[in-house]
Amino acid sequence: MSRDQKTSSKGSARAEGSAVVDALLTALERVIQNEDALPTVRTLATRAGVAIGSIYYYIREREDLVTLLVMREERRIAERALDVLARTPVSTPTADIEAILRDLVAWRNERGWVSRLLVRFMKG
């Protein structure tokens, strides 16, 4: 099986639910947060406590992990917005949007490294 075949839609689904990938994403998040740099795959494997060879069962390259991390953060943002709406009494759409934006600003202040990652990732 070629590396490209490993990252087919089936491979992507395998990667998203894996404990190994979760450990790698947590390691990636910590390195980016603390060192403001994208680590090597070897560094990620060491920090996540996984064998470097097993990484390629789930992903094709390091950038695939960056994509999965961005997707995880997008899900967290969506969950936060839903939580805000659940906590907010029935109000106007404008008030709902203002509450979500206030929460998003608080999230941005807590997790500014994600913004840096997104900008770097979008530039290619």
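Tutor: We begin with a term: a residue is buried when its relative accessible area is under 20%, exposed when it is over 50%, and partly exposed in between, using a 1.4 Å probe and protein chains only. This is a predicted model, in which local features need pLDDT of at least 70, side-chain atom pairs count only at pLDDT 80 or more, and totals for chains, interfaces and linings use all residues. Residues are numbered from 1 along each chain as its sequence is written, and side-chain values use heavy atoms, with hydrogens and water left out.

Student: How many helices does the protein have?

Tutor: Helices (H or I, at least four residues) and strands (E, at least two) are DSSP runs, numbered from the N terminus. Read from that end, the elements run α-α-α-α-α-α-α-α. The count gives zero strands and eight helices.

Student: What percentage of the residues in the protein is buried?

Tutor: The protein has 124 residues. Applying the cut-off for burial to them, the share that counts as buried is 29%.

Student: Is Asp103 buried or exposed?

Tutor: Asp103 belongs to helix α7, which covers residues 93-110. Because its relative accessibility is 17%, Asp103 counts as buried.

Student: Which side chain makes a polar contact with that of Asp103?

Tutor: A polar contact is a pair of N or O atoms within 3.5 Å; within protein, one must be able to donate a hydrogen and the other to accept it, and residues adjacent in sequence count only if both atoms are side-chain atoms. A plain contact requires heavy atoms within 4.5 Å. Leaving aside neighbours within four places in sequence, Asp103 is in contact with Val84 and Arg87, among others. At 2.8 Å, its side chain forms a polar contact with the side chain of Arg80.

Student: How do α6 and α7 lie relative to each other?

Tutor: Axes are lines fitted to C-alpha atoms, for helices over the stretch in contact, and angles run from 0 to 180 degrees between N-to-C directions. Angles under 35 degrees count as roughly parallel, over 145 as roughly antiparallel, 65 to 115 as roughly perpendicular and the rest as oblique. The axes of α6 and α7 come within 9 Å and cross at roughly 135 degrees. The two helices are therefore oblique.

Student: At what angle do α3 and α6 pack?

Tutor: Helix α6 covers residues 62-87, and its axis is 10 Å from that of α3. The pair is therefore described as roughly perpendicular. The packing angle is about 85 degrees.

Student: Which residues does Arg72 touch?

Tutor: Arg72 is found in helix α6. With a relative accessible area of 13%, it is buried. Not counting residues up to four places away in sequence, Arg72 touches Asp22, Leu25, Thr26 and Glu29.

Student: What distance separates the C-alpha atoms of Val21 and Leu65?

Tutor: Val21 is found in helix α3, and at 1% relative accessibility this residue counts as buried. Val21 and Leu65 are 44 residues apart along the chain. Their C-alpha atoms are separated by 7.9 Å.

Student: In what kind of crossing does α3 pass α4?

Tutor: Helix α3 (residues 19-35) and helix α4 (residues 41-48) pack at about 110 degrees, with axes 8 Å apart, and are therefore roughly perpendicular. A crossing is left-handed if the near helix is turned anticlockwise from the far one by less than a right angle, and right-handed if clockwise. For α3 passing α4, the crossing is right-handed.

Student: How is Leu38 classified by accessibility?

Tutor: Leu38 lies in the loop between α3 and α4. Its C-alpha atom is separated by 7.5 Å from that of Leu28, ten residues apart along the chain. Because its relative accessibility is 29%, Leu38 counts as partly exposed.
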